[in-house]
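I opened my notebook to look up a few places in this structure. My entries follow in the order I made them.

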Amino acid sequence: MLSGVRIGIVILPDQRWSEAQRRWRQAEDWGFDHAWTYDHLGWRDLVDGPWFDSMSTLTAAALVTSRIRLGTLVASPNFRHPAAFARQVTTLDDISNGRLLLGIGAGGIGFDATVLGGDTLPPRRRVDRFGEFTELLDLLLRQDGVTWRGDWFTAVEARNGPGCVQIPRVPFVVAANGPRSMRLVARFGQGWVTTGTGGDDLGSWWESVAAVSARLDAALDEAGRDPATLDRYLSLDAAPVFSLSSADFFSDAVERAAGLGFTDVVTHWPRLSSWYAGDENVLTEVAERLAELRRL
């Protein structure tokens, strides 16, 4: 931990398992607190390259690790039905012996939104669907024999046995920047994850992170929820500068996140080019600092 903040890393599912398993093992050996992968059928300009399923990848990762928490960043209703997804979640929670963190979000536009032949929904409709997805998934993971007929999803006597290892269910880490999604965080989330709301430079991005964090405080207050009951995750690489540009830059970002009340931050395993392009030597240096702190 740096500044009392837990550190996580995203390992994109763009490598064959013969290569990827080394990364998941290494993330645990280095002492990262959690490791994540993207839940997409294809992502941005990587859609034509190698890409693997998130739940299968996390299952394999669970079998080659024993401590590190594992998660989706984030699953969405773009191509998932809660009844089928609940079975996958329960299975992965069992295989990982209760190490699963379930990141969920409304789903964006692009490949995932259209690959099944549907139309791209406007933001308000995506949040409508996300609200129903979250509520139904919560029920399915906690109760047996769920029947539901909503605007977006239907379930008929859906079973959930044997249930989650984690009680009452796998923790939800809910992605939210807007007021309606933040109400879902307050109601269903054990964690909240944000990317901020953009900015042309690093300073304005941090300002957006502070603003959205204040917005969450207001949502929790309105719901009467104690802020101490919610973990706060910041995706550092939504900023215009890659968090692993240098070890010092990463440490500074963690310090700044801690100052804004975040309990957890997430970086990305450096890639050779395109998104999250960087030097693995920087990641190694960060990991060495983490190891040194754990020895103190």
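Entry 1: I am working from a predicted model. I began with strand β4, residues 100-104. I found the strand mostly covered, with five of its five residues buried. Next I checked which way the residues point. Leu 100, Leu 102 and Ile 104 point one way from β4. Leu 101 and Gly 103 point the other way. Both sets are buried. I noted the general rule beside this: in a regular strand, side chains alternate between the two faces of the sheet.

**Entry 2: the partners of β4.** Which strands are joined to β4 by bridges? I looked up β3, residues 69-75, and counted four bridges from it to β4. The two strands run parallel. Ala 75 stands opposite Ile 104 of β4. I then turned to β7, residues 172-175. Three bridges join β7 to β4, and this pair also runs parallel. Here I picked out Gly 103, whose bridge partner in β7 is Val 173. I also traced the path from β3 to β4. Helix α3, residues 82-95, belongs with these two strands to a β-α-β unit, and the unit is right-handed.

**Entry 3: helix α1.** I checked the length of α1, residues 17-30. The helix has 14 residues, so at 1.5 Å a residue it should span 20 Å. Its end C-alpha atoms are 19 Å apart, which agrees. Which residues of α1 are buried? I listed Ala 20, Arg 23, Trp 24, Ala 27, Glu 28 and Trp 30. I wrote the general rule next to the list: an α-helix has 3.6 residues a turn, so residues three or four places apart point the same way. Then I looked for what covers the buried residues of α1. The cover includes β1 (6-10), β2 (34-37), α2 (54-63), β3 and α9 (280-295). After α1 comes Gly 31, and I noted its positive phi, near 100 degrees.

**Entry 4: Glu 132.** I found Glu 132 in helix α5, residues 123-142. Is Glu 132 buried or exposed? Its relative accessible area is 9%, under the 20% cut-off, so Glu 132 is buried. I looked up its contacts, leaving out residues up to four places away in sequence. Glu 132 touches Trp 148, Gly 150, Asp 151, Trp 152 and Phe 153. With Trp 152 I found a polar pair: the backbone nitrogen of Trp 152 lies 2.9 Å from a polar atom of the Glu 132 side chain. Last, I took the distance to Gly 203, 71 residues away along the chain. The C-alpha atoms of Glu 132 and Gly 203 are 36 Å apart.

Definitions and conventions:
Residues numbered from 1 in each chain as written. Predicted model: local features only at pLDDT ≥ 70, side-chain atom pairs only at ≥ 80, totals over all residues. Heavy atoms only, no water. Buried < 20%, exposed > 50% of the residue type's maximum accessible area, 1.4 Å probe, protein only. Contact = heavy atoms within 4.5 Å. Polar contact = N/O pair within 3.5 Å; in protein donor to acceptor, adjacent residues only side chain to side chain. Pairing = 2+ DSSP bridges. Right-handed = clockwise from strand over helix to strand, strands pointing away. Expected span 1.5 Å × (residues − 1).
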